[in-house]
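Subject: Structure handover

Hi,

Here is the structure I promised to pass on. Please open it first, then read my notes below.

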Amino acid sequence: MAETLVILPTYNEIESLASVIGRIRQSVPLADVLIVDDSSPDGTGELAEKLAAEDPGLSVLHRTAKEGLGRAYLAGFDFALEQDYLYVVEIDADGSHDPAELPAMIELARAGADLVIGSRWVPGGSVRNWPWLRQAISRLGNSYARAALRSDIRDITSGFRVFKAEALRSLHLSAVSSQGYCFQVELAWRLERNGGVVVESPIIFVERAAGRSKMHLGIVIEALVRVTIWGIAPPRRARR
Ligand SMILES: Nc1nc2c(ncn2[C@@H]2O[C@H](COP(=O)(O)OP(=O)(O)O)[C@@H](O)[C@H]2O)c(=O)[nH]1
Ligand SMILES: [Mg+2]
């Protein structure tokens, strides 16, 4: 069985999906891939099924409603932990994250990191074609989260990651409450606070060439409110 499961959450990514899967297959040919689609109206789920029919290492999880990135990943993690994979990868389906960076990231997890974050905001990391507003939100959001949560992580919202499955298991995932991109903050911060080893590996993030971002104001507000509350009154640490 494969050691690594790559999870791709999708919502209306019909234009990007096949090429991203192809790039993942090329970069980490031994990994299995799981697409978690929230009943995309554009037919992404049907395309995923077609691709899976030709590729035994590719599976598809269809969810009935769009419930946010956090819920989609939790469903993917349940699958990964049930199947006993050792490493679990998070990657966007819009081509922003380069799968060619995965072997080095997985190597860092193998060498001991509980979580490897593909980071835009460490030396060597960068973004391409990102509108200034998105850059500003990401930079300000990360600075605020670092200060409020007293975290050392520079790109705590990044959605390009490798988790050791064991570390995910220690996290009491059923208690994770964030729905949107704040989910990424919650997971990384929980791990860091539990004494997990979090390593950032520089990446070049390239803005999507097709389709639309699912980012919206509600996602920013959720993160702002939750981070502020956690910062003021941190939840009790989970026992490992
Ligand atoms: N399954 C699922 N995927 C989502 C949802 N929201 C975003 N995604 C996926 O998460 C990834 C990142 O979203 P994107 O819109 O590119 O966010 P941005 O890069 O921050 O602008 C993409 O692969 C999206 O298709 C959701 O509610 N459900
Ligand atoms: Mg994107």
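Two residues count as in contact if their C-beta atoms, placed from the backbone, lie within 7 Å. Keep that cut-off in mind for what covers helix H7. Note also that this is a predicted model.

**Overall**

The protein chain has eight helices and nine strands. Its radius of gyration is 17 Å, close to the 18 Å that the globule rule gives for 240 residues, so the chain is as compact as a globular protein of that length. Along the principal axes, the C-alpha atoms fill a box of roughly 50 × 40 × 35 Å. Of the 240 residues, 42% are buried. Take the contacts with a separation of 6 or more: 82% of them join residues 24 or more positions apart.

**Helix H7 and the core**

The largest nonpolar core holds 59 residues, and Val6, Ile7 and Val88 touch the most other members. H7 (residues 182-193) gives the most to this core, with seven residues. Val88 is in contact with Leu5, Ile7, Phe77, Ala80, Phe163, Ala165 and Leu168, leaving aside neighbours within four places in sequence.

Is H7 enclosed or open? Ten of its twelve residues are buried, so H7 is largely enclosed by the rest of the structure. Among the buried ones are Phe183, Glu186, Trp189 and Arg190. Their cover includes helices H3 (69-82), H5 (132-149), H6 (165-169) and H8 (217-232). Strands E5 (115-119) and E8 (198-202) are also part of that cover. H7 reaches 16 Å from its first C-alpha to its last, close to the 16 Å expected at 1.5 Å a residue. After H7 comes Gly195, with a positive phi near 90°.

**Ligand 1**

How many residues surround ligand 1? There are 20, and the closest are Pro9, Ala72, Ala93, Ser213 and Lys214. Strand E1 (4-10), strand E2 (32-37) and H3 each give two or more residues to this shell. By type, the shell divides into seven nonpolar, five polar and eight charged residues.

**Asn12**

Asn12 sits in the loop between E1 and helix H1 (17-27). Asn12 is buried, with 20 other C-beta atoms within 10 Å. Not counting residues up to four places away in sequence, Asn12 touches Ser40, Pro41, Asp42, Thr44 and Gly211. Gln83 is 71 residues from Asn12 in sequence and 27 Å away in space, C-alpha to C-alpha.

Over to you.

Best wishes

Methods: Residues are numbered from 1 along each chain as its sequence is written. Chains are lettered from A and ligands numbered from 1 in the order in which they are written. This is a predicted model: local features need pLDDT of at least 70, side-chain atom pairs count only at pLDDT 80 or more; totals for chains, interfaces and linings use all residues. A nonpolar core is a set of buried Ala, Val, Leu, Ile, Met, Phe, Trp, Tyr and Cys residues joined through C-beta atoms within 7 Å. Helices (H or I, at least four residues) and strands (E, at least two) are DSSP runs, numbered from the N terminus. The expected span of a helix is 1.5 Å times one less than its number of residues. A residue is near a molecule or strand if its C-beta atom, placed from the backbone, lies within 6 Å of it. Ala, Val, Leu, Ile, Met, Phe, Trp, Tyr, Cys and Pro count as nonpolar, Asp, Glu, Lys and Arg as charged, and the others, Gly among them, as polar. The radius of gyration is taken over C-alpha atoms; the globule rule is 2.2 Å times the number of residues to the power 0.38.
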